[in-house]
Amino acid sequence: MRTIRAVAFKEIQVYFSSPVAYIVALIFMALSGFFFVRDLGNPFPEASLSNFFQGATFLLIPLAPALTMRLLAEEQKLGTIELLLTSPVRDWEVILGKYMASLVFLLFLLALTSYYVILLLLFASPDPGPIYSGYLGLVLYGMAALAVGILTSTLTSNQIIAAVVGTGILVVLYATAFISEVVTGVWANVFNQLGFTSHFNDFDSGIIDSAHIVYFLTVTALFLFLSIRTLESRRWR
Amino acid sequence: MSAETASTNGAPAAEAIAEDAMIEVRDLTHYYGPNPAVENVNFTVRRGEILGFLGPNGAGKTTTMRILTGFMPPTRGSVTLDGFDVVEKSLEVRKRVGYLPESVPLHTEMTVTNYLKYMGTLRRMNGRRIRRRIDDVIDVCRLGDYHKTLIGKLSKGFRQRVGIAQAILHEPEVLVLDEPTIGIDPIQVVETRGLIQELGREQTVVLSSHILPEVSMICERVLIIHEGHIVAADTPNNLAQHLRGVEQLEVEIGGPPAEVLPVLRGIDGATEVTHHPRPGINAYRVKYREGMDLRDEISRTVISHDWSLLSMQVNSMSLEEIFLRLTTAETDEDDLA
């Protein structure tokens with residue numbers, strides 16, 4: 001536990017002292033703000049965060065891998081992984097520590113968006129239910145997206161490749177909803193269930209369905225598991 | 001089964017099971033793709049010994065060290081450290097090893113103290129011990145003025161010290177240092193060697209180098225490794241003695257080389273004479289059989305021909321030459337086996 005915390009703490013410090021994380025935060029805040037105000041100009045605007053939530057899921061596709069790309073790729077590039085992995089630390093502790101750090105940064109980003117909520121509360125009376133469930137869904141969605149990013153960062157020593165491949169995987173998981181509209185029958189359902197979008201939309205509507213929670217946690221666990229196995233694979237590769 | 005085959009080979013196996021063995025390497029083989037980096041390597045390191053790996057780049061030194069430290073497993077063979085197998089009991093092994101990789105990979109965005117704190121936690125030390133040991137290693141590695149400096153801002157020599165500091169932080173029983181003096185200035189090299197010798201009094205040290213004088217200076221025993229095989233293993237002194245099969249004289253003679261050369265070649269006992277002209281001086285290298293002394297004969301011959309003898313010097317083989325012979329000529333391997 002102490003080693004996980006040490007790894008996580010070190011990475012959090014790097015996040016808050018490196019430009020990449022601030023650039024990611026800036027882009028996220030600017031664009032999510034745009035999504036938030038998009039409908040407020042209407043004559044009869046709706047006091048909800050739905051536009052923000054939908055926009056954020058879209059923004060996290062490139063931004064989550066950008067946050068995680070450094071975590072393992074850089075250690076492999078610089079060779080510091082050799083000292084990390086010859087310390088008495090288990091592979092899963094390394095992956096979990098790195099993952100926790102990225103999750104903390106994501107929560108920090110989402111905490112920054114709380115001023116949208118404050119604005120709504122000041123100027124309107126929004127329904128609090130969908131706001132709670134929307135944030136819950138966004139955190140779960142982000143957890144899965146970061147886990148995908150961790151895997152691609154583990155696979156290569158090149159941060160750019162890690163980010164691009166991570167974004168590619170997330171695009172596929174996002175786009176399966178569109179595929180399901182094209183195909184018919186059982187396949188439509190399969191593609192619909194496979195991707196992120198259909199599982200996120202209920203949260204946005206104020207519905208907390210345990211099936212969707214299980215889905216996102218499963219995706220997270222799967223990608224973290226694959227990351228651990230990838231790190232271990234040096235033992236038999 | 002393996003015990004039987006080992007005992008038929010005689011003494012080495014029995015020696016290996018000696019109680020003070022810290023590291024035991026048996027039939028170690030590692031392949032990168034189809035090519036072996038090391039093949040059937042056997043050696044034992046005693047507790048408290050300073051062992052040097054000597055070999056040209058790509059000989060398999062780093063591969064062997066990565067396996068010793070548990071970074072990667074061998075393709076075949078076994079390695080135990082303090083009785084723990086590096087594959088089966090990797091975590092136990094890693095607790096006991098301090099490692100300095102060749103490239104000295106450090107987190108450049110951290111300060112020296114923060115980095116050491118981080119490495120200490122990874123080594124599962126408690127907070128109080130970490131603080132005490134950081135003071136110790138900063139002192140030992142003379143990093144006092146730089147403990148709050150970002151590692152990225154340090155010169156290569158100081159980074160090397162940080163690398164050593166993290167390796168000894170948790171007081172490991174075994175220190176594995178891959179090319180610890182590469183790329184630092186001569187004064188720091190001397191300091192680093194002294195430091196390693198100091199550490200070697202209490203800890204088992206395995207270091208690699210491609211610089212021969214260094215290994216002969218620091219190490220109690222040397223393994224010469226070439227193309228993944230151990231071609232010689234002995235103390236630096238014994239290695240030098242073992243190989244002094246041929247000795248040579250360097251002679252400077254004032255006289256026409258065309259006449260001098262055949263006369264020198266005619267001297268009884270001289271096996272090979274070569275001419276090495278330098279501006280204004282004619283130098284000759286005379287190789288002769290072991291145990292003979294040709295100096296008397298040569299000086300009298302030179303004077304009897306009315307030439308002048310300007311200098312004469314016995315050259316015994318340096319470790320440098322031994323190394324070259326071991327790694328270039330195959331016949332020499334038989335002598336050592």
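**A first look**

Analyst: Strand β3 (residues 50–54) of chain B pairs with strand β9 (residues 221–226) of chain B in the parallel sense, over four bridges. Strands here are DSSP runs of E of at least two residues, helices are runs of H or I of at least four, and both are numbered from the N terminus. Two strands pair if DSSP finds at least two bridges between them. This is a predicted model, where local features need pLDDT of at least 70 and side-chain atom pairs count only at pLDDT 80 or more, while totals for chains, interfaces and linings use all residues. Residues are numbered from 1 along each chain as its sequence is written, with chains lettered from A and ligands numbered from 1 in the order in which they are written.

User: Which residue in β9(B) is the bridge partner of Leu54(B)?
Analyst: That's Ile224(B).

User: And what's the strand order in the open sheet?
Analyst: The order is β6-β7-β8-β3-β9-β10 in chain B, six strands with mixed pairing. At the edges stand β6 and β10 (229–234) of chain B; each has a single partner strand, so one side of each is left without a neighbour in the sheet.

User: Which strands does helix α3 of chain B touch?
Analyst: Helix α3 (residues 61–68) of chain B packs on the sheet and touches β3, β7 (174–178), β8 (204–209) and β9 of chain B. Contact means C-beta atoms, placed from the backbone, within 7 Å.

User: Switching topic: how many residues of chain B are in contact with chain A?
Analyst: 21 residues of chain B are in contact with 18 residues of chain A. On the chain B side, α4 (90–96), β6 (97–100) and α5 (112–122) each supply at least two residues. That side divides into eleven nonpolar, five polar and five charged residues. Ala, Val, Leu, Ile, Met, Phe, Trp, Tyr, Cys and Pro count as nonpolar, Asp, Glu, Lys and Arg as charged, and the others, Gly among them, as polar.

User: At what angle do α3 and α5 of chain A pack?
Analyst: Helix α3 (residues 50–78) and helix α5 (residues 91–112) of chain A pack at about 155 degrees, with axes 10 Å apart. Axes are lines fitted to C-alpha atoms, for helices over the stretch in contact, and angles run from 0 to 180 degrees between N-to-C directions. α3(A) and α5(A) are therefore roughly antiparallel to each other (angles over 145 degrees count as that).

User: Who makes that contact?
Analyst: Leu67(A), Thr68(A), Leu71(A) and Leu72(A) of α3(A), with Lys98(A), Ser102(A), Phe105(A) and Leu106(A) of α5(A).

Technical notes: Parallel < 35°, antiparallel > 145°, perpendicular 65-115°, else oblique. Contact = placed C-beta atoms within 7 Å.
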